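This report goes through a sheet, a ligand site and a single residue in turn.

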Amino acid sequence: MRKFWNLLKKETKELINAQLIISLIFTFFLFYLMGTLAQGEMAKAAAPQEIAVLDLDSSELSRGIMNGLSSANFKVIALTTEDRQSAIEQARESGASLLLVIPRGFGKSVLELNSMSIDTYYFIRGFSMSATSASGMVKAVIATVNNYISDTYIKERLPGVNPEELKNPVKNKDYVIVKDRIAEGSPAEVSSFILSQSTFLPIILMLIIVYSSQMVISAVAMEKENKTLETLLTVPINRNYIVVAKMLSSGIVGLVTAGIYMVGFRFYMSGFMGNVPTSGQIDTVVQKLGLAFTPQGYLVLGVSLFLAILCGLAMAIILGVLAKDLKSAQGLLMPIIFLALIPYFISLFSDFNSLSWPVKVLLWIIPFSHPFLASQNILLGNYLPVFYGIIYMFVIFAILVFLAARIFSSDQVLTMKLQLSRRSLKGIKQ
Amino acid sequence: MDAVLKVEGLKKNYGNLQALKGISFQIQKGEIFALIGPNGAGKSTALRIIATLLSPTEGKVEVLGHDLRKEPEKIREKISYLPEEAGAYRNQRGVEYLRFMANFYATEPEETKEFVKRGAQIADLGERLYDKIGTYSKGMVRKLLLARALMGQPHLAILDEPTSGLDVINSLEIRQTIREYVKQGTTVLLSSHNMLEIEFLSDRVALIDNGVILDSGTPKELKEKYGANNLEEVFRRAVI
Ligand SMILES: Nc1ncnc2c1ncn2[C@@H]1O[C@H](COP(=O)(O)OP(=O)(O)O)[C@@H](O)[C@H]1O
Ligand SMILES: [Mg+2]
């Protein structure tokens, strides 16, 4: 055990080098910076927007419209000029992004139910995110105006009637059903919750698999490149320990690295999403539907994740033995990244159940798919396929470790690269 | 006398290539025994097999009575191996490397300290022992690796071309080190293609060529037998 610790300590130290730390810090700050920038833009977009209004009508209705806009969280700047050209100039100088022109006779004509148009001028001053919300802003302004006018009309003609009830006579109550559970709640909110849960997990998983595989593959390749492997293999320690120590240290460092990236990524994402206060209801709805991860659910998912990571590590260690040096090891990592990317993208853009049979089988064969599938299946309460997946990954892992240990205790660990290069040489001659 | 190492009819094939065609020799306790021969003769192959890195195709190897095929772990406890082309972890300091390796052989922390202390003496790198190995010269790395191999006073030290790639001064220092520390009870099996330097270092030598041992004995015996002035001449006459 003392010997194993000795080995594990050294392996971990080898992995945590200046290069890793610098790239970690760099990536983290990049995410952080982008997140903060995005957040600033979002804040700008959410702040009350300024609208310049040229009221040529000066009727009770047009004044009411201006008040209506103010109470709908727009900042109204009333212009005092008479002609459009100078109104545009004034609006430009005021910095408002929208100019509204209410024409003469607007109030009278509208109350007689002759529709009349309001002209809007939108100033595009840049291409930032707040600028792209232009059409949304114009729509909101017009909707506010229309609402105000129709309310006024109804109040005038049908006193005693609540305009709200007249305009929306039908009210609906939403229910969502998952398996045999029913809860009152909005289907849109529930499905966006599931999506946010099942996109966040795959990203973590992807990162961990890629990082830890990269760690272990370079750990083996570095021993080869620095010519330390031969010495290490004559040391009195069980060869399986060498394999396990490399896998364990890479797993741990990969996990920590991925964790740090995730925190950075969270910053980045929350910058875009804004800290949107989700209606407190969604939590209780989700709980009622059994869509939240229970402690057991987390445990099963954890086991699934862990096995996927182990499969990645075992594959990487075998590939690392094949590699001549660090550089070729990085190239050999591509198949693993690919294998992890396939289920990642499929889980992002499609639903497993709607896939065709060949694709389903392909996904099943890739060990990394199973945690992706598990995260959705566990939420939906389908535990059986999750357990099958765990058994499958375990079998694959056992086979891979057996292979890795076999390679490490055979001639191949030292001669593999030679055989490969000989074969390729023969190929050239023929 | 006890044989530390017994090799009988050892053969090794790499695919179709016969690198060792059935070699036999024995080394007694306290001896410095050298396999000498040109590049490609099969020296490294033999040493790697004895160091439990490669499996023999045929034949028998015993280290202190432990069979190579049955008890490789037991053998690893008794030996230390210096590969022909070896490096050390570049991010470790010299002293860290010695401690890391000593931990595998020592049974308690006190013993580790003792090993590291002896290793530091053998390496003789002064203050540089506390620098990163990445900053060492080739000669310094080789000295560190040799110190690593000898510090635990193994029953059998297997040194593959211990002076390979080194200049005259560094080679001389390494030869002196080996001779000094072997006095303390270690048995040494080494290899070299430099037949002149071996003459002054070894108690007994075996001439190997093309996977076959041509002859063996003390340098003095061999020179008399072939009527030669040095081992290089001996080798030339033995080949014919
Ligand atoms: N891993 C290997 N695969 C195939 N052939 C090898 C391998 N290692 C050594 N050889 C061949 O075996 C022969 C003996 O090599 P080696 O033991 O390294 O000789 P020496 O150490 O005496 O120079 C050489 O012909 C060499 O090309
Ligand atoms: Mg050699």
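Which residue in β2(B) stands opposite B:Tyr14? The residue opposite B:Tyr14 is B:Leu17. The model described here is predicted.

**The sheet in chain B**

Strand β1 of chain B covers residues 3-14 and pairs with β2(B) in the antiparallel sense, over 9 bridges. Both strands belong to an open sheet of 4 strands in chain B, with the order β2-β1-β4-β5 and antiparallel pairing. At the edges of this sheet lie β2 and β5 (66-67) of chain B, each of which pairs on one side only. Strands of a sheet pair through backbone hydrogen bonds, either parallel or antiparallel.

**The site of ligand 1**

Strand β2 of chain B (17-28) also has a part in the ligand site: with α1 (43-50) of chain B and α18 (412-429) of chain A, it is one of the elements that each supply at least two residues of the shell around ligand 1. The residues that surround ligand 1 come from chains A and B, so the site is shared between chains.

In total, 14 residues surround the ligand, and the closest are B:Gly40, B:Gly42, B:Lys43, B:Ser44 and B:Thr45. By class, the shell has 6 nonpolar, 6 polar and 2 charged residues.

Taken alone, ligand 1 exposes 570 Å², of which the protein buries 77%.

**B:Ser80**

Elsewhere in chain B, strand β6 spans residues 79-82 and contains B:Ser80. Is B:Ser80 buried or exposed? The relative accessible area of B:Ser80 is 3%, which is under the 20% cut-off, so this residue counts as buried. The side chain of B:Ser80 reaches the backbone oxygen of B:Ala149 at 2.6 Å. B:Ala149 is also one of the residues that B:Ser80 touches; with residues up to four places away in sequence not counted, the others are B:Arg148, B:Pro154, B:Leu156, B:Ala157 and B:Ile158.

Key. Residues numbered from 1 in each chain as written. Chains lettered and ligands numbered in written order. Predicted model: local features only at pLDDT ≥ 70, side-chain atom pairs only at ≥ 80, totals over all residues. Heavy atoms only, no water. Near = heavy atom within 4 Å. Areas by Shrake-Rupley, 256 points an atom, 1.4 Å probe, with all protein chains shown as cover. Nonpolar A, V, L, I, M, F, W, Y, C, P; charged D, E, K, R; others polar. Buried < 20%, exposed > 50% of the residue type's maximum accessible area, 1.4 Å probe, protein only. Polar contact = N/O pair within 3.5 Å; in protein donor to acceptor, adjacent residues only side chain to side chain. Contact = heavy atoms within 4.5 Å. Pairing = 2+ DSSP bridges.
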